[in-house]
Protein chains: 8
Amino acid sequence: MQKKIPISIVVGSVSDLKIIEPCIEILKKFSVEYEVSVISAHRTPEKLDLLIETFEKKGTEVIIACAGLSSALPGVIASKTTLPVIGIPSDAGALSGLDALLSISQMPSGVPVACVAIGKTGAINAGLLAVEILSLKDKRLKAKLKKYRAEKSKEIYLQNKKLKTLGLKKFLSSLGKK
Amino acid sequence: MQKKIPISIVVGSVSDLKIIEPCIEILKKFSVEYEVSVISAHRTPEKLDLLIETFEKKGTEVIIACAGLSSALPGVIASKTTLPVIGIPSDAGALSGLDALLSISQMPSGVPVACVAIGKTGAINAGLLAVEILSLKDKRLKAKLKKYRAEKSKEIYLQNKKLKTLGLKKFLSSLGKK
Amino acid sequence: MQKKIPISIVVGSVSDLKIIEPCIEILKKFSVEYEVSVISAHRTPEKLDLLIETFEKKGTEVIIACAGLSSALPGVIASKTTLPVIGIPSDAGALSGLDALLSISQMPSGVPVACVAIGKTGAINAGLLAVEILSLKDKRLKAKLKKYRAEKSKEIYLQNKKLKTLGLKKFLSSLGKK
Amino acid sequence: MQKKIPISIVVGSVSDLKIIEPCIEILKKFSVEYEVSVISAHRTPEKLDLLIETFEKKGTEVIIACAGLSSALPGVIASKTTLPVIGIPSDAGALSGLDALLSISQMPSGVPVACVAIGKTGAINAGLLAVEILSLKDKRLKAKLKKYRAEKSKEIYLQNKKLKTLGLKKFLSSLGKK
Amino acid sequence: MQKKIPISIVVGSVSDLKIIEPCIEILKKFSVEYEVSVISAHRTPEKLDLLIETFEKKGTEVIIACAGLSSALPGVIASKTTLPVIGIPSDAGALSGLDALLSISQMPSGVPVACVAIGKTGAINAGLLAVEILSLKDKRLKAKLKKYRAEKSKEIYLQNKKLKTLGLKKFLSSLGKK
Amino acid sequence: MQKKIPISIVVGSVSDLKIIEPCIEILKKFSVEYEVSVISAHRTPEKLDLLIETFEKKGTEVIIACAGLSSALPGVIASKTTLPVIGIPSDAGALSGLDALLSISQMPSGVPVACVAIGKTGAINAGLLAVEILSLKDKRLKAKLKKYRAEKSKEIYLQNKKLKTLGLKKFLSSLGKK
Amino acid sequence: MQKKIPISIVVGSVSDLKIIEPCIEILKKFSVEYEVSVISAHRTPEKLDLLIETFEKKGTEVIIACAGLSSALPGVIASKTTLPVIGIPSDAGALSGLDALLSISQMPSGVPVACVAIGKTGAINAGLLAVEILSLKDKRLKAKLKKYRAEKSKEIYLQNKKLKTLGLKKFLSSLGKK
Amino acid sequence: MQKKIPISIVVGSVSDLKIIEPCIEILKKFSVEYEVSVISAHRTPEKLDLLIETFEKKGTEVIIACAGLSSALPGVIASKTTLPVIGIPSDAGALSGLDALLSISQMPSGVPVACVAIGKTGAINAGLLAVEILSLKDKRLKAKLKKYRAEKSKEIYLQNKKLKTLGLKKFLSSLGKK
C-alpha cells in the first residue's frame, strides 16, 4: 500500500524553491509527509493535471503552491480540485511580490485560495496553516501545534529576558552581525 | 449534548455583517452549522477571549473573520487558537480594502491566517474554503463540493449557450437592468 | 466548409460582457468575424480546453480575453496555444482593475499576453490591436485601419474646430449633459 | 518605592530592535526613563497582558510600539490601555513597510494609535513625540525640547554656512564617503 | 483670567470642517474645551503664526490638524511648536487620502506628527488620542476614558446579543436602510 | 499685427475640457490671453506639430496640457518646444489619475514637464503657475498675483472669522447643502 | 532587393539596451530578422519619424519598444503606424517600473499598445509575442513555436525529475551559487 | 551693485545635496547664476523666511526645492512667494520617493508647485525647466536651449549609429562595466 503524503507542495519555477525551504522545515518538524514539484501553470499545464490526478491515491489533503508575478499557479490548481489550496506569493520581479499577492488573494468567487504573506514569512505560515488543517483530525498533531506555539512564545520570552539582562547594546551585539 | 457548530464567523463591526451574508448562504447550502458574532479585536478584546474559550465545547473547526481598515481581528484570533482562521478584508474606508488586504495577508511568521479576496467575493470563497477543510473528514461534504462545482460550471455553460443562441445584444438585455 | 472566425473573444464571467461591447463594435466596423464565449479559467477549465481545440478548424488567429480580479483567463489561454492572446483587465472589484492589470501584464517568461488598458478603453484597443495583427496579411484591412485612424483624427480635428468657433462654454453645453 | 518609568517601548520581534535604537538615543538625550521589551502581539499575547498590567505601578505614561508586516502590536496594546500609544512601522518585508504603515495608521474608530514614519526616521520622531507629551506636565522637559529644536536648527544653519563657504563639491567631499 | 482651551483644532480648508465634526463630538462628550480654526498652511501661513502665538496664553496642550492632498498643515504647525500635534488625513481629491496619509505620517526626523486614519474615523481617534494625552494629568478624564471604552465595548456586546436573538436577516433589517 | 496669445492650453480629448475650466477662469481673472485646443498626442500627432509651429508667431510663452491615462500629451509637446510646459493629470479612467500623474511627473531627463495636481485642483494651479512665469517680465501681473494671494488669504480669514462667530454647526449649514 | 526585417526593436535610452538582450536571444533562436535602434520619443522625435518611414520598405511587421519612467516611446510609435506595437516597461528609476507599466498599458482608446511584463521577463515575452504574430502567416515559425514550448515544458519536467531524485537540499546546491 | 542670482536652490537636508548635483551641472552649462542652501521647512522655518526676504534684492526668478518623505519644502516656499517654484522629490526613505512625489504634485489650489521626476532625473529636468523659464526673456538662453536639445539629440543619434556599426554585444561591452 502506498504511503500517504498529505501535503503536496508545487512551485512555479526553480527560482521559487528557495522560498519554500522554511515551509519544508515546518513540515519536517511536525513529521508531516510532503512532496515537492516544480510545475508551471503556464508552461507545463498538462503536468499539473497529471499531478492532480495522483492526489486521491496519495491521500493528499492540502496543496501549497508558490509562484511569482501573475502567479496563476495556486488558482489553477484550486480550479481543478476541491482540496484546500494555500498560495504563497513569491517576491520575484520588479514589484517585490505585490503583483503575486493580489493575484493570489483576489480570486474570483467559486474557487478559493488561502493566501499567506509574501516570501519566506508566508512559506512558514503556509506550512503551519497546512498543519492546522491536518490537525483537525489528528490529535497528536494538534498537541504538537500547541507545543510549537508554546516554544515560539518561550523563545520570545527568553529573548526578552536576555534583552532585559544585557541591555539593548549588548543584546544587539550578542546577535552577531546581521 | 451540545450541537456541534464547526464554523464560527466573527465580524469586527456591525457594518461588516452585510459582507458576510453570501458566506452564510454558502454554509446554508452545504448544511454546515455556523454561528455569527460581532466582536471587535480592538474594542472588545476580552469578549474575543470568551468566544475562543467556547470553541472546544462547540466543536469549532474553522474560524472566519471579517474586518476592515487595519483589520487586526483575524490575526488576533489566530494568535489565540491553533484552529485554521480565514480572514476576509472588508472594503470599508477610504482605501477600498487595500489596507485590510495587506493586514490580513502579511501576517508575521508563526501565526497563519488564510486571506481571501476583498468584500463579498472573498466572503463566498471563505465559506467554500471552510467547507473544503471540513470535507477532508466528511465524504458527504466532499461529494456536495464536487456537485457544487459542477453546478457552477454548468451555470456558466448554460449562460455561454444562451449567449451563443441570443447573441450579445439580446443576451445582455435578457439580464435585466444590472 | 466552415466559415473562418479569426477572432475568439472569451470573458471570464457574464458581468464582463458589457466591457467587451466596444471591442465588438470595432470588429463589426472592420467586418472581422468573431465569436464570444463566457468561460471561466477557474470555474470551467475543461470548457476552455474544448474551445481551444476548435481554434484550428475555425481558423482562429487572435484571442481576446477579458477577466477581473486575479484575472488568470488570458494567461491560461496563452499557456495552451501559440496564437497571440490579448488580455483586457476588467475593472470589477474593490481595486478598480489594478489587480487584473498586474495579473495580465506581469506574465512569467515563456507565455506572453498582450495587455491593454483597464475596462472599455482597453476593449476598444484590444479590438484594434487584433485588427492590426490580422492586417499584416490582409491589405484591405490595413487600408481600413488607415482610414479609421484618419477618421478618428478628423473627428478630433472637427471637435477642435467647433471648440474654436463656439468657445469653451458653448462647446461644453453643446455636448449635452454628460 | 519603585522608580517611575514613563516610557515603555515594545517591539514585535528581535529584528525590530535595531530600528528603535535612535528612539532610545532621543530618550537618553532627554534623560527620560524607559524600558524595552520584545513581545509579539500574535505570538506572545499573554505576555503583552502581563506587561500592560505593570504600567500603573511603573507610572508608564506613553507606549511606543514597533512592528512590521501586518503590524498589529500598536493597535492591540492600544485596545488594552487608555495611555497614548505611538506606533512605528518597521520596514521589514517585501513591501518596505507600506503594509505596516497602513495597519498602524488606519486604526478603527475608538482605539487611537499615533502613527509616525516608517523605520528609523519614525523611531526618532516617536521618541520626540513621547517627550512632547511628557513635557505637558514637566517644564524642564519642555525647556529641553526647545533647546533641542534650537540645536537642530543651528546644526542645519551651520551646515548651510559651511556649504556656502566651501561650495557644493568641497562640502560633499567633506562629508566623507556616504 | 482667560479660560483654558487645551485643544486647538485647525483645518486647511472649509471643506475639511465636516470631517472633524465627529472629533468635536468626542471632545464635547469628554467636556474638553476646544477651538476650531480654518487656516491654510499654504494660503495663510502668517495667520498660522498668529494662532500659534496664542497657544501659551490659552493653555493649549494638543493641536489637531486636518488637511487633504499634500497636507502640509500638521507638519508646518509641528515645526513651530513643541506641543504634540495630531494629523488627520482628509479624503479629499482623486487619491482618496492616500497622498495626505503619506504626507502626514512620513514626517522627517525632528518634527513629529501623530498620524491617525483617513477621514472621519481618524477624526474620532484624533479626539480620543488628545483626551488620552490630557488624561495623563487629569484623573477625572482618565476615569471618563475608561468609562467610554466600557460603553463602546458594551454597545458591541449588546449588538452581538441582539444579533444572536434576532438572527442575521432580522438584525440587518432592524438596522434600517443603510 | 497678430495679437499675442501667451498661453496655449491643449487637452487630449473632449472629455478633459471640463477639467481645464477653472484654469481658464484663472487666466481670465488675470486678463491673460489664451487659446484652447483639443489635440491628441496619440490620435492627431501631426495636428500637434502644426499647433507648435504657430507658437512663435503668436508669442506663446507657456503651454498647459491636460490628458488622462498614459497621458503622453504634455511630454510630447515638451519634446518639440523649449517653452515651459505644464502638465495636468486628468482623473479619467479606472485608476483615478494615478497613471496620468506618474506619466507626467516621471519624465526622462532632458525634456522637463511641470506636473501639477490631478484634476481641477491642478488646473487652477496650472493657471497660477503660468501667470507666475509670465509675471517674471510683467510687473503688473506680479502685482495682481500678490493681490490674488491676499484675496485668497482674506477669504480664508473671513471664513475663519465667520466660523468663530457662528460656531461649527451653524457655519456648516450656512454653506448650504454641499 | 532589400532583405526583409520583420521586427524593429527601439529602446528609449542606452541604459535600456541590456533589458532587451533576452528579447534578441529569442529572435535569434527563431531565426527572425530584427534591427535595434536607440531613439527617444522625447529627445529625438524626428529620428523616430525617419525610422517609421523606413518600415514599409523593410517589411517591418511588428515593433518592440522599451522605455522607462513615463515611457511614451511605445505609444508615440503606435500613434504613427498601424503595425502592432509591443511595449516593454523598463525597471529604471525609483518606482521600479510601475510608472512605465501604467504608461504603456493605460493607452487611450484608438492607439493600442501590447504591454508585457516589466524588465527582462517582459523582453522575453515581447520576443515570443512578436514571433506568435509572425507565425500567423509562417507555418515553419508556428512549428518552431510549438517546439519551443515543448522544450521549455521538458526543461521544467527534467528539473522536476531531478528535484525528485536529488531531494530539495541537493537540488538547490546543484544549481550553484545563485 | 549686487550680482543677480536668478536661481535659488534649496534642499531640505544635507543628504539631498547629492541629488541636486546634476541640476547644478545644467545651470553651469547654461552659465546661469545660482545659490544653494540647506534649509528645512520643518526644522528651520524662520531661516526660510530670511532666505525668501533676500529674493527681491538678488533678483531671484525661479526657486528649485528638493526634499524627501513628506517633502513640505517646495510647497512652503511657494506659499510665501509668487515666484515659480520647482519641486524635486528626493528618493529618500522606505517608499523610494513616492511619498515625496505625491506631496509635491498634489498641492492644494492657490499655491502651485511644478513637480518633476523623483531623484537625479528630476534634478536635471528642474534645471532645464528653470532655464526654459528664464529663456522667455533671454534670447541667448533660448538659443542655448535649442543647441542643448540638438546636442542631446545628436548624442543619441551617434549612440544609435555606433550601435548599428558595432552590433549590440560589442556596443554593450564598449560601454564599460556598468
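**The interface of chain D and chain H**

Tutor: In this predicted model, chain D and chain H bury about 1,600 Å² between them, and carbon and sulfur atoms give 69% of that area. On the chain D side, 19 residues are in contact, and they meet 20 residues of chain H. Three residues stand out. I156(D), L168(D) and L172(D) supply 30% of the area that chain D buries against chain H, more than any other three residues. What about charge pairs?

Now take another interface, that of chain C with chain G. Here 39 residues of chain C are in contact with 39 residues of chain G. The buried area is about 3,200 Å², with 59% of it on carbon and sulfur atoms. On the chain C side, T82(C), L136(C) and R149(C) supply 22% of the area buried against chain G, more than any other three residues. The salt-bridge count between chain C and chain G is 0.

Some pairs of chains have no contact. Chain C and chain D do not touch, and their nearest C-alpha atoms are 16 Å apart. Chain E and chain G are not joined by any contact either; their closest C-alpha atoms lie 16 Å apart.

Next, look inside a single chain. Chain A has 8 helices and 5 strands. Read from the N terminus, its elements run β-α-β-α-α-β-α-β-α-β-α-α-α. The C-alpha atoms of chain A fill a box of roughly 60 × 45 × 30 Å along the principal axes.

Helix packing comes next, starting with chain C. Helix 1 (residues 17-29) of chain C packs on helix 6 (residues 119-134) of chain C at an angle of about 30 degrees, and the axes are 7 Å apart. Angles under 35 degrees count as roughly parallel, and helix 1 of chain C and helix 6 of chain C are therefore roughly parallel to each other. The crossing of these two helices of chain C is right-handed. Helix 1 of chain C brings K18(C), I19(C), I20(C), P22(C), C23(C), I26(C) and L27(C) to the contact. Helix 6 of chain C answers with G119(C), K120(C), A123(C), I124(C), G127(C), L128(C) and V131(C). By class, this contact in chain C has 10 nonpolar, 2 polar and 2 charged residues.

Turn to chain F. Its helix 1 (residues 17-29) and helix 6 (residues 119-134) pack at about 30 degrees, with axes 7 Å apart. That makes helix 1 of chain F roughly parallel to helix 6 of chain F. The crossing of helix 1 of chain F and helix 6 of chain F is right-handed. Among the residues that meet are I19(F) and I26(F) in helix 1 of chain F, and A123(F) and V131(F) in helix 6 of chain F. The contact in chain F divides into 10 nonpolar, 2 polar and 2 charged residues.

Chain B supplies one further helix pair. Helix 5 (residues 119-134) of chain B and helix 6 (residues 139-166) of chain B pack at an angle of about 140 degrees, with their axes 8 Å apart. That makes helix 5 of chain B oblique to helix 6 of chain B. Their crossing is left-handed. L128(B), V131(B), E132(B) and L134(B) of helix 5 of chain B make the contact with L141(B), L145(B), Y148(B) and R149(B) of helix 6 of chain B. This contact in chain B has 6 nonpolar, no polar and 2 charged residues.

Conventions:
Residues are numbered from 1 along each chain as its sequence is written. Chains are lettered from A and ligands numbered from 1 in the order in which they are written. This is a predicted model: local features need pLDDT of at least 70, side-chain atom pairs count only at pLDDT 80 or more; totals for chains, interfaces and linings use all residues. Side-chain values use heavy atoms; hydrogens and water are left out. Axes are lines fitted to C-alpha atoms, for helices over the stretch in contact, and angles run from 0 to 180 degrees between N-to-C directions. Helices (H or I, at least four residues) and strands (E, at least two) are DSSP runs, numbered from the N terminus. Angles under 35 degrees count as roughly parallel, over 145 as roughly antiparallel, 65 to 115 as roughly perpendicular and the rest as oblique. A crossing is left-handed if the near helix is turned anticlockwise from the far one by less than a right angle, and right-handed if clockwise. Contact means heavy atoms within 4.5 Å. Ala, Val, Leu, Ile, Met, Phe, Trp, Tyr, Cys and Pro count as nonpolar, Asp, Glu, Lys and Arg as charged, and the others, Gly among them, as polar. Buried area is the accessible area (1.4 Å probe) that two parts lose on being put together, summed over both. A salt bridge is a side-chain nitrogen of Lys or Arg within 4 Å of a carboxyl oxygen of Asp or Glu.
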